[in-house]
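Here's a quick briefing for anyone opening this structure for the first time. Have a look at the fold, then read on.

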Amino acid sequence: WVLPEWPRSSAPSWGPSAAMGAIFCCCPPKDGGDDEQMLAPLPKVKVGKRGTHVKNKNVEEGIHLSGEGTALADTLIEQDAAYWEVKIISVGVGVQVGVSYDLSGHLLDSQIGDKESSWALCSGPDGKPLEQGDVIGVAYGQGDIPNLRFFHNGTPVEEATVLRIRGEGYPSVSVCSG
């Protein structure tokens with residue numbers, strides 16, 4: 001996972017065989033006339049934990065994930081609001097993008113989205129159809145209701161909205177045969 005610099009078009013990507021990126025800036029600089037500069041460089045986010053069958057590789061655009069299981073960012077979502085995007089590089093059997101508690105053990109070898117310890121926008125036979133190049137956005141706001149919203153290529157996915165999540169969450173992705 002890498003926090004890219006703006007513009008959005010350079011955001012990293014991931015999916016069943018993909019790279020994960022995160023943008024934790026809710027107010028990106030406007031194109032053009034502003035001479036304002038960031039006060040500090042954005043930190044790089046990395047894979048903190050991953051399932052035993054999840055492979056990760058650092059690439060220029062972010063982190064490429066493949067295999068089967070779940071990967072969590074090494075960064076806890078501590079601020080009131082966060083946003084990140086995932087770009088699908090190739091579609092396997094399925095991919096889940098979302099937020100989870102601090103998973104460990106066999107939970108990292110399974111898929112997120114159980115609605116008890118993780119919440120996700122899911123693809124595959126039981127979820128939203130995704131194609132190569134699709135971008136999944138995740139907006140997480142601890143002080144807002146709903147707490148979690150998903151976007152598919154910039155369009156809100158209302159049926160995946162989560163009203164309340166309590167506790168500490170991590171950006172998470174599950175890959176399945178990708």
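In which strand is His 152 found? His 152 sits in strand 10, which covers residues 148–152. Before going further, bear in mind that this is a predicted model, where local features need pLDDT of at least 70, side-chain atom pairs count only at pLDDT 80 or more, and totals for chains, interfaces and linings use all residues. Residues are numbered from 1 along each chain as its sequence is written, and side-chain values use heavy atoms, with hydrogens and water left out. As for the strands (E, at least two residues), they are DSSP runs numbered from the N terminus.

**Around His 152**

- His 152 has 15% relative accessibility, so it counts as buried; buried means under 20% relative accessible area, exposed means over 50%, and partly exposed is in between (1.4 Å probe, protein chains only).
- Leaving aside residues up to four places away in sequence, His 152 touches Lys 128, Pro 129, Leu 130, Asp 134, Val 135, Ile 136 and Val 157, where contact means heavy atoms within 4.5 Å.
- One of these, Asp 134, also makes a side-chain to side-chain polar contact with His 152, at 2.9 Å.
- A polar contact here is a pair of N or O atoms within 3.5 Å; within protein, one must be able to donate a hydrogen and the other to accept it, and residues adjacent in sequence count only if both atoms are side-chain atoms.
- Leu 121 is 31 residues away from His 152 in sequence, yet their C-alpha atoms are 9.2 Å apart in space.

**Two residues with positive phi**

- Asn 153 isn't a glycine, but its phi is positive, at about 55 degrees.
- You'll find Asn 153 in the loop between strand 10 and strand 11 (155–156), and at 42% relative accessibility it counts as partly exposed.
- Lys 115 is another non-glycine residue with a positive phi, near 70 degrees.
- Lys 115 belongs to the loop between strand 7 (94–100) and strand 8 (118–122), and it counts as exposed because its relative accessibility is 65%.

**The open sheet**

- Strands of a sheet pair through backbone hydrogen bonds, either parallel or antiparallel.
- Here, 5 strands make an open sheet in the order 2-5-12-7-8, with antiparallel pairing; two strands pair if DSSP finds at least two bridges between them.
- Strand 2 (47–50) and strand 8 are the edges: each has a single partner strand, so one side of each has no neighbour in the sheet.
- Strand 12 (residues 170–176) pairs with strand 5 (residues 69–73) over 4 bridges, and Gly 69 has Val 175 as its bridge partner.
- Strand 12 also pairs with strand 7, over 7 bridges, with Gln 96 opposite Ser 174.
- How many of the residues of strand 12 are buried? The count is 7 of 7, with Tyr 170, Ser 172, Ser 174 and Cys 176 on one side and Pro 171, Val 173 and Val 175 on the other.

**Nonpolar cores**

- A nonpolar core is a set of buried Ala, Val, Leu, Ile, Met, Phe, Trp, Tyr and Cys residues joined through side-chain atoms within 4.5 Å.
- The largest one has 27 residues, and Leu 65, Trp 84 and Leu 148 touch the most other members.
- Strand 6 provides the largest share of this core, 4 residues.
- Another core, of 7 residues, lies apart from it and includes Leu 72, Ile 112, Ala 120 and Tyr 170.
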